[in-house]
Amino acid sequence: ASVSQRGGAAPAAPAEGAVAPSPMKYADVSKAVQGILKEFGEPISVAELDALFKRQFATSVSDIVGMSTEEYLERKENIFDFNEDRGTVCLQCGMVAGPPIAEASVVKDEVFVVKEFELLIESMGPIVYISTLCGKFIQRNGVSVTSVITGRPLDLFKRHPEVFRIVGAGNVTLKKYEQSAEVQRLLGKPSSKAHRVVKAAEEAQMPVPQVITEQHVAEEFRRLILVDGVDSVYISSLCGRFLQRFKKPVTGIITCKPADFLRRYPDIFVMTGGGNVGLREILGPDAVSVPPPPPRVPKAIREEQQLCLEVVRKIELDDQAFADVHGSINKDVSIQAVMQRLKQICKQIEQASFLALDEVVLGGAVGKGLLSNNPAAEIVCFVRQLPYKNFPQWLPHILDTLGPVLEANLVGLRADRFKVEKDHLKFFLAGGGVEGSRGASAESSGGTGELRVKVFISPVFRDSEHLLESFKACAPAERHY
């Protein structure tokens, strides 16, 4: 589908006489492609991507990066989900969330980094690990923080105290969040390097059991969170401190991811989001864990699912397609045999009936060539010179008389259990044309194999307008006839 068919507005071409933008660099390509893909929100072909990129930036991806667009997308698989077989690309799931991505033409300087960090902390905060913040930055912008500011992120925060507040233990928040309870609790705790060294040395001297189990992991995590005295702690920090004391990684003891392990103890731990965990005894009994992220479907399976979806979309739902589906569902049912028997029934009714028949019509599911595990058929006898109203006065008498007549004439076709209902005559055909799993009849294979048949009596209407007029003239209680 073209860009216009997708419903997305293509980026406008530069206006005539406008100042040409500065030459795009390799580091700018990722951000530019992300902006295009985020606008569509669904996979687009690489050809479409190239056309949109060239229209917006007056150059091509390959001219800037020195390789084909496909090869570039493959190298950036942590950002782009490139399907080589179909030639389509979209953003990885983790890239779709978060604040809007800045335009690729924006100058990447210290002012830009400050603004980007501010947006990320607002989205992820109020307290964020500095390393997490830097990782998000490079993922969104295709360039590292240190290459932009030519220094440490920590020094950047110190140069902008009006925006950021360093809260210790590798965390940072925004100045406007300084008075929040969560930030104040962290600020009130000693966080100097000397204090952390002493604390780590004390924990390393604590006794370690000879056999370390999952229960020890849960108890140690709970102890560490209580020692910190905060609402939540970064799970990676807990794992690192566990390794310092027990000299064994958490992943060497448990059989799953640490976050999944903590979710096994909902009476102790509460997942607070952003890779953090807290204690229920601190957060309260009403605290609710954030839902786990959806499982990441392997790329091969995603491609297979997409391919299946494309195959389904190409199926034309014509009569043959429905017949194939029906035949696949009802493999043990012979529609030809059932239709043959019902045609014999209709013919016998025409010959034996005492009514002035105009026509005998086969209807119901079977009349349309459809069968199920409990097949049913309807036979409608259109009789001349019958009244068009007052059905309760004359119809039951006709059905009472017709029942014995049909029972006597249809015995050779294995019809039995005749019964007059309110508005029709019902009987059953033994066998019914339903075959067992090995080719024998359902009756001989142990199943009932019955076909339920309903016989209705109807006057002959002149046309559809006459039918509607008669319907309107009937009392509501008689309209079901």
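This is a predicted model: local features need pLDDT of at least 70, side-chain atom pairs count only at pLDDT 80 or more; totals for chains, interfaces and linings use all residues.
I started at a hairpin: β12 and β13 make one, with four residues between them.

β12 covers residues 415-420 and β13 covers residues 425-429; they run antiparallel, with four bridges joining them. I also looked up who faces whom, and found lysine 419 opposite lysine 426 of β13.

Then I asked myself which sheet β12 and β13 belong to. They sit in an open sheet of five strands, ordered β10-β11-β14-β13-β12, and the pairing is mixed. Its edge strands are β10 (357-363) and β12, each of which pairs on one side only. From one strand to the next, the twist averages 20°.

Alanine 377 stands opposite valine 453 in β14.

Which helix packs on this sheet? I found α19 (residues 335-352), touching β10, β11, β13 and β14. Its direction makes about 160° with that of β10.

On to another sheet. This one is open too, with three strands in the order β4-β6-β5 and antiparallel pairing. β4 (128-129) and β5 (164-168) are the edge strands, pairing on one side only. Glycine 168 has asparagine 171 in β6 as its bridge partner. Helix α7 (residues 110-124) lies across β4, β5 and β6, and I noted that it runs at about 95° to β6.

Last stop, helix α13 (residues 214-228). How far apart should its ends be? With 15 residues at 1.5 Å a residue, α13 should span 21 Å, and its end C-alpha atoms are 21 Å apart, so the two agree.

I then listed the buried residues of α13: Val217, Ala218, Glu220, Phe221, Leu224, Ile225 and Asp228. Where do they sit around the helix? They lie on the same side of α13, because they cover an arc of only 165° around the axis. I noted that the list includes Glu220 and Asp228 along with Phe221 and Leu224.

Finally I looked just past the end of α13. Glycine 229 follows the helix, and its phi is positive, near 65°.

How values were computed
Residues are numbered from 1 along each chain as its sequence is written. Side-chain values use heavy atoms; hydrogens and water are left out. Two strands pair if DSSP finds at least two bridges between them. Helices (H or I, at least four residues) and strands (E, at least two) are DSSP runs, numbered from the N terminus. Contact means heavy atoms within 4.5 Å. Axes are lines fitted to C-alpha atoms, for helices over the stretch in contact, and angles run from 0 to 180 degrees between N-to-C directions. The expected span of a helix is 1.5 Å times one less than its number of residues. Buried means under 20% relative accessible area, exposed over 50%, partly exposed in between (1.4 Å probe, protein chains only). The arc is that of the directions from the helix axis to the C-beta atoms.
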